[in-house]
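These notebook entries record what I looked up in one structure. They are written for a reader who meets it for the first time.

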Amino acid sequence: MTKTECGNPVVVTTAHRGVFFGYVPDGADLTATVVRLERARMCVYWSADVGGVVGLAAKGPSKTCRVGPAAPSLVLQGVTAVMEVTTKAAAAWENGYWSR
């Protein structure tokens, strides 16, 4: 996992089919069903070129995806997966693409 000054970048999925990107602090319990993210963004649509949800962690969203603006922090309940994010993917998430 690539640590930044904000924490460790992760993609989190929820039981309500939400897909989020953000940062968790060192030592955060990644097996919990409730996770707090800093600088959290939601991906409401990802295109086929991304390669699915795991592709969002490996490559990040592309220009044809829809990623909302960052909230200062967010508490997610019903967490189903927490995925480590590559440096390349974190940079793409930070772009905050919203295609039209």
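**Entry 1: The hairpin**

I began with S1 and S2, which form a hairpin with four residues between them, and Arg17 in the turn has a positive phi of about 70°. I note at the outset that the model is a predicted one.

I then looked up Arg17 itself. Arg17 sits in the loop between S1 and S2, and its phi is positive although Arg17 is not a glycine. Is Arg17 buried or exposed? Its relative accessible area is 76%, and the cut-off for exposed is over 50%, so Arg17 counts as exposed.

Next I recorded the pairing of the two strands. S1 and S2 are antiparallel, with six bridges between them. One of the bridge pairs joins Val11 to Phe21 in S2.

I asked how many residues of strand S1 are buried. The strand covers residues 8-14, and seven of the seven are buried, so S1 is largely enclosed by the rest of the structure.

I then sorted the side chains by direction. In a regular strand, side chains alternate between the two faces of the sheet. In S1, Asn8, Val10, Val12 and Thr14 point one way, while Pro9, Val11 and Thr13 point the other way. Both sets are buried.

S1 also pairs with strand S6 (residues 79-84), to which five bridges join it in the antiparallel sense. Here I noted Thr14, whose bridge partner in S6 is Val79.

I looked separately at Asn8, which belongs to strand S1. Asn8 has a relative accessibility of 9%, and because buried means under 20%, Asn8 counts as buried. What does the side chain of Asn8 make a polar contact with? I found the side chain of Asp26, at 2.9 Å.

**Entry 2: Aromatic rings**

I turned to the rings. A pair of aromatic rings is described by the distance of the centres and the angle of the planes. I counted two aromatic pairs.

In the pair of Phe21 and Tyr23, the ring centres are 5.2 Å apart and the planes stand at 75°; over 60 degrees counts as edge-to-face, so this pair is edge-to-face. In the pair of Phe21 and Trp93, the centres are 5.1 Å apart and the planes are at 10°; under 30 degrees counts as stacked, so this pair is stacked.

Through the ring pairs, Phe21, Tyr23 and Trp93 are linked into a cluster.

I checked the burial of these residues as well. Phe21 and Tyr23 are both buried. Phe21 has a relative accessible area of 0%, and Trp93 is likewise buried at 0% relative accessibility.

**Entry 3: Nonpolar cores**

In soluble globular proteins, nonpolar side chains tend to be buried together.

Which residues have the most contacts inside the largest nonpolar core? They are Val11, Phe21, Cys43, Leu56, Val85 and Trp93, in a core of 15 residues. At least two residues of this core come from each of S2, H1 and H2. Apart from this core lies another, of nine residues, among them Phe20, Val24, Leu76 and Val79.

Leaving aside residues up to four places away in sequence, Trp93 touches Val11, Phe21, Arg41, Cys43, Leu56, Gly60, Pro61 and Val67.

I looked up Trp46, located in the loop between strand S3 (34-45) and helix H1 (53-58). Trp46 has a relative accessible area of 28% and is partly exposed. Beyond residues up to four places away in sequence, Trp46 touches Val19, Gly52, Val53, Leu56 and Cys65. I also noted a separation of 22 Å between the C-alpha atoms of Trp46 and Gln77, which are 31 residues apart along the chain.

My last item was Arg39, in strand S3. Arg39 is not a glycine, yet its phi is positive, at about 50°. With 32% relative accessibility, Arg39 counts as partly exposed.

Conventions:
Residues numbered from 1 in each chain as written. Predicted model: local features only at pLDDT ≥ 70, side-chain atom pairs only at ≥ 80, totals over all residues. Heavy atoms only, no water. Phe/Tyr/Trp six-rings, centres within 6.5 Å; stacked < 30°, edge-to-face > 60°. Buried < 20%, exposed > 50% of the residue type's maximum accessible area, 1.4 Å probe, protein only. Pairing = 2+ DSSP bridges. Contact = heavy atoms within 4.5 Å. Polar contact = N/O pair within 3.5 Å; in protein donor to acceptor, adjacent residues only side chain to side chain. Core = buried A, V, L, I, M, F, W, Y, C linked by side-chain atoms within 4.5 Å.
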